[in-house]
Structure formats: C-alpha cells, structure tokens
Amino acid sequence: MKTRIKFTKSGPLKFIGHLDVMRYFQKAFRRAELDVEYSQGFNPHQLMSFAAPLGVGLTSDGEYLDLQLKTSDEPKAMIDKINKAMAEGIQVVDFKVLSDESKNAMSMVSAADYMVSVKDGYEFMGMEEFKQKFQDFYNKESIVILKKSKKSEKDVDIKPSIYHIGFDREEFYKNIGQSFDKDKKSVADAYDNGVKVFMQVATGSSNNLKPELVMEAFCQYTGIEYNIFAYQVHRMEVYADLGTEENRSLIALDKMND
Amino acid sequence: MKKLALSDEILLTIEKPARYIGNEINMVEKDLNNIDIRFCMCFPDVYEIGMSHLGIQILYDMFNRREDTYCERVYSPWVDLDKIMREKQIPLFALESQEPIKNFDFLGFTIQYEMCYTNILQVLELSQIPIYAKDRTEDDPIVLGGGPCTYNPEPIADFFDFFYIGEGETVYNKILDVYKENKLKGGTRKDFLEKAAEIDGVYVPAFYDVDYNEDNTIKAFTKNNVHGKDIISKQVEMNMSDTYYPKKPLVPYIKATQDRVVLEIQRGCIRGCRFCQAGMVYRPIRERNIEFLKEYACEMLKNTGHEEISLSSLSSSDYSALQELVYFLIDEFSSKGVNISLPSLRIDAFALDVMSKVQDVRKSSLTFAPEAGSQRLRDVINKGLTEESILNGAMDAFNSGWNRVKLYFMLGLPSETVEDIEGIAVLSDKIAREYYTIPKEQRNGKVSIVSSTSFFVPKPFTPFQWSRMDTAEEYLEKQHLLRAKFNEQLNRKSIKYNWHEAELSVLEGVFARGDRRVSKVIYDAYKAGCLYDSWSEYFKYDLWEKAFEDNQIDIAFYTNRERIKEEILPWDFIDAGVTKDFLWREYNRAINAKVTPNCRMACSNCGAKVYEGGVCFEDRKQ
C-alpha cells in the first residue's frame, strides 16, 4: 500500500543533506520494524521517494516522503512507532494511507510556503523599513535576476513565480487563502531581531524558485550587499496543483487524500 | 537540543557539516551535574573513518555504563575546519556536549596505525592542550593512548601522559577509580600517574629514561620513579563471552566507511604468520560464544537499523562454530533485507555455498592472500597456503560461477629472491590458465584477476622485528621487475597488477620500530604542515625528509638495518605474551624456511600459555 509521511526538520539536523536524510529514514524504518516493501534482486532497497529535496541549512515544518508498505497500523500508532526510533530534529507529524492510484509526491509538487528570517548578528534594516521596501519590490511589474544553473545562466523574471507574500503569519495565511491556527506548533528558529518575510513560490521539477534567489533579488533592488549566510530559510508547507496553469488550485500534500 | 559549538556560517562553509554536530542515534546523553569524570575518546582521523572503528564503540559503551563517568567523542577536524579553527582560535570540542575538550579529565586516543601520528598532534593543539606531556599543567586533561601502536609507543611517548597497553576491557575501571580518589584527596597529576603506574598494563613514559650508545642503539632503559614497573604486561580480556560489547552502537548521519553492524567473533589467531603483528600480540586466540554472538547480532541490527552485518576477526575460517553462525545469519536476516558481509574465507564447499547465497557471484571477487610468490617464501613467512589449495579453491569457485579473483602479496620480505618475485606473476597466470580450462560455453565471460603488492614493513613483537626492510629504491626496482614479468604472461590481458607508492611505507617503517628520538621529527613535520599523512592527497614526503634532516635522524637506521639478538629494542620493556626467545626461534626457522604448525595442530610454546585460557587450554578435537 502507498503511504505518505509528513515530517519536520530542525536544529542541528538542518545540516544533514538530502541523500543522508534518505539513508536516515531507511535505517529508522528498520529500527521501527515497519513492514516496508523492498525491491527485488541482490541489493534490495526500500521503496520510498521524497517529494522535494530540502537544501542543507534549511529547516522545515512540512516535508514529505511516500513509502510503500506491506502492512500498516493505524496512523497514530505508526507515527509513534517511527518517532520512537528517531532522534530529535526529525519528527514525523502525519501518516496517511493513499489510494493505489495516487501519483507519487515528487511528480505532484508545484508550490511551497517559506518563511525567511534574518539571523541575529548580521547587519540588516529594521522590520518597518524592510516591510516597506520589500512590498515595493514585490509590487514591481517584473523582477529580473540572473539565474545560474549547472549548464547556463540567463536573465529570468521571477515575479510570476512568487504567488503571495506576507509579513506575519496571520496576514500570510489570509493571503494564501488558508485558515490560520495560532496555536499550531512550528519547529522554526526564532531570532531576536524579528525581521522576516513569508512567501509562497513555485516549487518542483518544472518551475523551481529558491527563496534565497528572491532575497538576492531584493538586495540588488535596494542596493545592499547580499550575504548568503544572513538568512534562515524555513519551509512551511508543500503543495500540489489540482487546477490549471491559469487557475491554480493548490492543495497541501497531506490534504490530498481527503 | 544542545547549542552547537560551531556557528551556522562555519558549518555551511565547510564540507560535510554533519561530522561536527553529534546528536547521532544511540548517542549517550548525561546530566553533567551528576558526573565526576569527563572522558573524551579520540580517533585521530576524520569522522567517517573514526566512526567505523569498533574499538571506540566498545569503550564508549563501557565507560558510559559507569554512572560517575561521561564518555564523549572527538575526531580530527578536516583540513577546511582545521584552518578556520586556527584562524578564529576556536577550541576543539567533543561531539556530545559541544564543549571544549581542554576542560575534560581525560583525552584518550585510540592509535590504530602509525600514519595518524601528526593527527594526534593536531587534536592536541586544536584542543589548546600542550603538545608535549612535560608542558601540561594541573588544568590540562590527562592524555592517554591505547590500541595496537602502543606495542611500540616510543616515537610518540613524549606526547602522552600514559599508555594503556593491551585490550581495553580489563583495567580502565580501576584507573578511573584511582583518578577519582586522587581528585577527592586533592592529589596532583603526578600523584595520579604514580598510582596509575602501579596498575598492570599502564606505561607512564615520564617515569623512564632512555640512554643511547655511540652507534645510536639503545644502551639502557631505566626507571626514574619507583612507582613504575620494570616490565609492562599487556592486558588481555580472557572472557570474550562475558564482557563489554555495545548493543546500541552509534549510527552516524553521514556514510561511514563501515556503514554496518560489526560482530567481532573472536580475538587472536592460531596461524603464526611471521610478518603479522596482530597475530602475535593478540595471542592466545579466544572465541566468543555463539549464543552471545547470535543475541548481539539481533540486538545490534534492531537498535541501529543497519542493512548490513559483518563478521570481524583475524582468520574467520578458524572460528569453530562459523558454519552455524553464518547459516543462522542468513536464515534470520537475509529475508529481512540485511546483507551479510562475509570475511575472507578459506575456499571450501561451505564457503562456496554461503558466498553464493549472499553475494551476486557475477559481481563479487574471490580473495586469496598468498603474500609471497613461491612456496619457499611462503614457508619462510609461515603462511601455510599451498599453490595446490589456491588453484583447487579457485577452480571450485570458477565452476560455481565466479570469474573475479583478488590476490594480495608483499614485496620486500626477508630472503626474497628474483624467483620469488617472478612467482607472483606466474601464480596469477596459473589461476587464469585454470579458468580457461573450462569449456567456452560453460564460462561466464573472461576472468578478471587483480594482483596487488604492498611494501613489507617489519613490526615489533614479530619474528621479523630484527629484519632489514628494503629501501624505497630496492622496492621500486622489484616492482619494475614484477611489472615486466606480468607483461610476459600468457594471460596478461586478464590480469591487472596494482602497485603502491613506497614513501608512506618507509615512514611507517621508521615509526613501527622507532625510538624516542623520532618524536622531534614528528613534531617538526607536523609544525611544517604535515597532516592526514595516510591520505595520498595530503601526504608531503618532502616535508618529512626535511624534518629528518633537520634533526639529523637517519631513516635507514630504523628501516634498513638488520638487528642482532643482543640489541635492546625500544619495546623490550613490554611483555606481550609471546617471548623474545620464541620470536628469535621463529626468526631462525624462517631463515631456514621451516614451517611452524598452528596452535591447534601443536603448541609451539610461544609464551601465551601464561594467560591460562583460550586455545592453549582447548580440548583438542581431532
């Protein structure tokens, strides 16, 4: 059966890269004695796939992996079983059995919510000034930046890939059309300076915008130096798009089966 | 979760930040308020290498079972972090607490190979602990060393407060109790070291002086403190089935070189190969009870989630219950997706059956270690592997589908002749010829034979400890000769010959049989930038040569010189079980190419009987 696991990543474990996170889960599932389905052959491996790799240094409240199981307990028991076998820093927060026709998470990923915080100890403007300038920046008709990939570099307008922004959680959730639960826990780090911005951007194999690039473009726009180490990027949620290109209908990956 | 010692910015700048964050599965956490002794264990190489080492896992588990002790770990920072730590004066920290090591009670190094010596100095310096033992104050941790290199600790003696010689399971508790008591009474470092020196197995270098003759050989090794013992006796854990072994080994986040459960099935060896130090110093052979191993295999796999389990010992084919153990592992775990990694086995029906069950025969290799190219030289080194058994074993494997063979040899063995060297190529070719006697339709394609030669380094406590080692030039000449011989072979297209650089082995040769005068060379080389010497991309032989020159130490004195029986060797003060008489007898038998039977066939009175156990007192089942 197909199952989808939602997990958080925080603290020191933000320094573990994607491939190592995969290996970590493989061993955790074995420790938890899950009835995982394996591939055939001399080097059997677990049938699992991740929705969207998270870069080194990022934290997250909403990461997903799809796992093929032979048998399963009910969700709460599964979550407890898995978390007992894991260290702090990566925790499972949701477990769902999917229908057999469900497409795998990676192919569905279309957008993601991020919170970008300015870290303490770095020179940066205060929140009021930031809000004003970032809003002006976002209000531009187009935001052109040099996008470098492994093979090429070219000028790209990233504005269409930024779907929404906000400066506090309540505002942001309103903008993206989601209900705001003020008691909802988050593993994100909080910084004393309090300067942050929320954004919903295109994510996935066809169109992927990194929040870091948005910050770099912002710095260019305001004429300040972009220091890659000054920001903590935290992913909040990952979405699939059930609508069309003109008319997006985003749904979080853990809400898809309902 | 604990605050990390390194900032986000540093961690995001360096390679593999996961090396420095700790928090691994099965990491031990303790409340520092309830701890009397803080111990830091160090494997002086990079994290991925250190995490593969079984010894630290055993000691980590053992120390942490004491309620009054918290044992943490540290590994050599990689070159990128090393540079940053020096620039920013960041003190080296232990992984568990992320706190500076200089505040600990003990810093213990496990010293597995000679080429990590500069890394030891790196860890001391980055920890902000004085490199030389004589410069340490009451505030510095006690620096100790354990592991196989302590069988000749003299080249690094100046850097250590004490060495623990032998197996770690026995007297560490006593040592820690003595430390605690001394601390409570307000005793000094010296007070502690004097009390520790009275415990068997503990060697405090500062309590002994070495005098040299005009010709640089040792004149005398004398005690200068009454608390030191005249002879330091190695420690041996006689009860292998009722002793420390970790049920919850640490699981690193990044891939360690050994990313699996390791089961040490026995310690010691019966074979008596004359070049092998481990086979001599770990005598007598002691097996672990099979029920113990089965229980631990299950627990360890359950607690780690590893997908592979391997068996570790010097000569696994000699473990008496090997068949039962291997079939148990296959039956229990193969179906659960756990790979059984087999050690090198003597090729017989059992081995072939088991190998085909756990390996893809088309991709795995058969391994033989003849070590020498002729029966004469194999007899000299007492490696009882005959050409007939190699060819028969290979043929049986070929008939079962294997077509890849790995062969290990050494160059520079005592009494080696051109015929012996050429024999390496001839034997490799003979194996290929055997393969091609199989009719073409029944073969699995071509055979692939990979032969490699390493440079023989004479080691202390072996019959060859008196031997002359070849010079780098002689070794390279022999490689050339051998390469040419390979090119003459009929099946040269099926054979690949791998050779090794000579210089690292030359250094290993100096440190293996070195004395205290070598320590200044190590210090100078380290200060000049030598680090990670066993990593070819960082090995700087020219800096080492300069360090030797500057100190007027002649490499050839340690490597190329044949010793006489009467010479005082730097390690003579250690009792390793095997007696000097036995080793000299074996040396003479070697010169006459006389084979010595293994411990189970006949007792050769090596001296290990004194431990009153193991194979020496086994029932002889014929």
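What radius of gyration would a compact globule of 258 residues have, and what is the value for chain A? For 258 residues, a compact globule would have a radius of gyration near 18 Å, and chain A, with 19 Å, agrees with this. The radius of gyration is taken over C-alpha atoms, and the globule rule is 2.2 Å times the number of residues to the power 0.38.

## Basis of the report

The model is predicted: local features need pLDDT of at least 70, side-chain atom pairs count only at pLDDT 80 or more, and totals for chains, interfaces and linings use all residues. Residues are numbered from 1 along each chain as its sequence is written, while chains are lettered from A and ligands numbered from 1 in the order in which they are written.

## Chain A as a whole

Chain A contains 6 helices and 11 strands. These elements are DSSP runs numbered from the N terminus, a helix (H or I) having at least four residues and a strand (E) at least two. Along the principal axes, the C-alpha atoms of chain A fill a box of roughly 55 × 40 × 40 Å.

Of the 258 residues in chain A, 35% are buried. A residue is buried if 20 or more other C-beta atoms, placed from the backbone, lie within 10 Å of its own; it is exposed if the number is 12 or fewer, and partly exposed in between. Among the contacts in chain A with a separation of 6 or more, 73% are between residues 24 or more positions apart. Two residues are in contact if their C-beta atoms, placed from the backbone, lie within 7 Å.

## Strand S9 of chain A

Strand S9 (residues 196–202) of chain A is mostly covered, with 6 of its 7 residues buried. Strand S5 (residues 109–118) of chain A pairs with S9(A) in the antiparallel sense over 7 bridges; two strands pair if DSSP finds at least two bridges between them. Here Met115(A) stands opposite Phe198(A) in S9(A).

Strand S8 (residues 162–166) of chain A also pairs with S9(A) in the antiparallel sense, over 4 bridges. Ile165(A) stands opposite Met199(A) in S9(A).

## Chain B as a whole

Chain B has 20 helices and 19 strands. Its radius of gyration is 25 Å, close to the 25 Å given by the globule rule for 622 residues, so chain B is as compact as a globular protein of that length. Of these 622 residues, 47% count as buried.

## A parallel sheet in chain B

In chain B, 3 strands form an open sheet in the order S10-S13-S14, with parallel pairing. Strand S10 (261–264) and strand S14 (339–341) of chain B each have a single partner strand and stand at the edges, so one side of each is left without a neighbour in the sheet. S10(B) is joined by 4 bridges to strand S13 (residues 308–312) of chain B. The bridge partner of Leu263(B) in S13(B) is Leu311(B).

## Two packed helices in chain B

Helix H13 (residues 387–399) and helix H14 (residues 418–435) of chain B pack at an angle of about 35°, with their axes 9 Å apart. The axes are lines fitted to C-alpha atoms over the stretch in contact, and angles run from 0 to 180 degrees between N-to-C directions. Residues making the contact include Leu391(B) of H13(B) and Ile431(B) of H14(B).

## Where the chains meet

In the contact between the chains, 19 residues of chain A touch 22 residues of chain B.
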